[in-house]
Amino acid sequence: MERHDSAWRVFLAFLRLGLTSFGGPIAHLGYFRAEFVERRRWLDDRSYSDLVALCQFLPGPASSQVGMALGLGRAGWPGMLAAWVGFTLPSALILMLFAYGMNEYQVLADSGWVHGLKVVAVAVVAQAVWGMARALCPDRFRAGLAILAALITLALPSAVGQVAAIALAGMLGRIALQSSPPDVLQAASYPISRKLGFAALLLFLLPLAILPIWAAAGGSPTIALLEGFYRSGALVFGGGHVVLPLLQATVVPTGSVGNAEFLAGYGAAQAVPGPLFTFAAYLGTIARGPLQGWPGGLVMLLTLFLPAMLVLVAALPFWERLRQRPDVQTTMAGVNAGVVGILLSALYDPVWTSAVHSRADFGLALAAFGLLVHGRMPPVLVVGLAALGGWALAAD
């Protein structure tokens with residue numbers, strides 16, 4: 001990939017996508033290909049597909065990581081930052097403003113249209129479970145891993161249960177699954193040495209070890225939030241929707257964010273362009289505690305994205321060797337099946353239990369699911385219709 005653009009030009013290119021890229025990470029990857037492979041010709045299809053394979057393999061939001069790598073390859077380190085800011089800023093600002101509205105007008109949390117947002121979250125998560133199960137659980141063994149992970153997280157509805165489910169699924173996958181032969185694509189070059197890659201890996205791992213101890217020893221709610229958001233960003237495999245149960249286990253049991261506020265924000269996040277991880281900006285803004293408002297939104301947004309940035313930098317110099325290791329392939333196949341189970345348990349609790357209280361609620365969720373899966377209607381439109389449906393049901 002030739003590096004001869006300014007960071008400003010990279011920012012403008014990604015800002016346009018941040019304002020217009022609806023539809024989730026798979027759609028984002030399609031927008032990126034159309035913009036940077038076909039229109040701008042920053043790289044060829046072969047290099048782009050290899051980059052997508054890497055980012056889908058790593059923990060974190062795949063589409064955002066692809067964008068970061070494209071910016072890095074085009075304009076160096078300033079380009080990487082510019083790509084992330086341009087793609088992330090629009091939806092983060094919208095969700096922070098929504099959080100301010102929820103805080104200012106508490107009656108909104110009980111309004112019909114906000115209840116519609118909670119109901120549409122049922123349809124969105126069900127669609128994610130459906131699609132991920134078909135792609136990541138193609139055989140009985142991996143389907144069994146998903147069910148096992150769901151049972152563990154239902155029995156242990158906490159961060160400990162989620163980490164245990166992911167670790168067990170990865171271990172069983174490594175033992176029982178067979179790896180597939182690697183493809184022949186070659187990785188594009190990036191301005192990252194192996195020494196820098198090792199340093200990024202160390203920086204990625206250190207907070208995972210230090211923050212839990214600090215949070216337990218100090219008892220600070222702010223440090224506990226930072227630990228939960230960083231851990232959530234580091235453990236998201238299989239798609240951005242998996243961040244839902246991880247963040248819910250961080251903010252709801254502690255009382256930082258109410259369950260109704262959490263689900264309303266998650267529903268609103270489906271209606272904005274850009275990455276789903278910007279949900280962190282909403283949670284940080286609306287959270288109760290020393291760190292809240294727009295400073296809290298920005299801090300939690302950076303905290304959730306930081307592990308994705310670090311692990312991408314760590315992996316880029318070693319990608320070709322890493323992707324061909326059979327033990328890595330089978331471990332990741334098991335992990336991916338496990339995260340399907342985690343998301344399945346989240347579909348029941350907190351999503352279903354908090355949103356569906358009547359036959360009318362179930363009917364609205366079912367209609368939204370049908371429009372998403374079979375009608376292939378844009379998520380932003382389905383979210384709007386669900387909000388109207390919730391308002392109409394409340395008015396009856």
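One aromatic cluster is formed by Phe 14, Phe 32, Phe 36, Trp 42 and Phe 87. The model is a predicted one, in which local features need pLDDT of at least 70 and side-chain atom pairs count only at pLDDT 80 or more, while totals for chains, interfaces and linings use all residues. Residues are numbered from 1 along each chain as its sequence is written, and side-chain values use heavy atoms, with hydrogens and water left out.

**Aromatic pairs**

- Rings of Phe, Tyr and Trp (its six-membered ring) pair if their centres lie within 6.5 Å; planes under 30 degrees apart count as stacked, over 60 as edge-to-face and the rest as tilted.
- By this rule there are 14 aromatic pairs.
- Trp 8 and Phe 11 form a stacked pair, because their ring centres are 5.5 Å apart and their planes stand at 25 degrees.
- Both residues of this pair, Trp 8 and Phe 11, belong to helix H1 (residues 7-20), where they are 3 residues apart, about one turn of the helix. Helices here are DSSP runs of H or I with at least four residues, numbered from the N terminus.
- Trp 8 counts as exposed at 55% relative accessibility, whereas Phe 11 counts as buried at 16%. Buried means under 20% relative accessible area, exposed over 50% and partly exposed in between (1.4 Å probe, protein chains only).
- Phe 279 and Tyr 282 are also stacked, since their ring centres are 5.9 Å apart and their planes at 10 degrees.
- Phe 279 and Tyr 282 are 3 residues apart in helix H12, so about one helical turn separates them.
- Phe 279 counts as buried at 0% relative accessibility, and Tyr 282 counts as buried at 0%.

**Two buried residues**

- Thr 278 is placed in the loop between helix H11 (259-269) and helix H12 (279-286), and it is buried with a relative accessible area of 1%.
- The side chain of Thr 278 reaches the backbone oxygen of Pro 275 at 2.8 Å.
- Beyond neighbours within four places in sequence, Thr 278 is in contact (heavy atoms within 4.5 Å) with Thr 88, Ser 91, Ala 92, Leu 95, Leu 301 and Phe 305.
- Gln 248, in helix H10 (residues 243-251), is buried with a relative accessible area of 15%.
- With neighbours within four places in sequence left aside, Gln 248 is in contact with Pro 253, Asn 259, Phe 262 and Pro 350.

**The second largest pocket**

- About 630 Å³ of space lies in the second largest pocket.
- Of its 26 lining residues, Pro 59, Leu 201, Phe 204, Val 311 and Leu 322 are the closest to the centre of the pocket.
- A pocket is an open set of points on a 1 Å grid over the protein atoms alone where a 1.4 Å probe fits, with protein on both sides within 12 Å along at least five of seven lines; lining residues have an atom within 4 Å of a point. The volume is the space filled by probe spheres set on the points, which are joined across faces, edges and corners.
- The largest share of this lining, 6 residues, comes from H8.
- The lining divides into 22 nonpolar, 2 polar and 2 charged residues. Ala, Val, Leu, Ile, Met, Phe, Trp, Tyr, Cys and Pro count as nonpolar, Asp, Glu, Lys and Arg as charged, and the others, Gly among them, as polar.

**Positive phi angles**

- Most residues other than glycine have a negative phi.
- Arg 41 has a positive phi, near 55 degrees, and lies in the loop between helix H2 (25-39) and helix H3 (45-57).
- Arg 376 has a positive phi, near 50 degrees, and is exposed with a relative accessible area of 71%.

Technical notes: A polar contact is a pair of N or O atoms within 3.5 Å; within protein, one must be able to donate a hydrogen and the other to accept it, and residues adjacent in sequence count only if both atoms are side-chain atoms.
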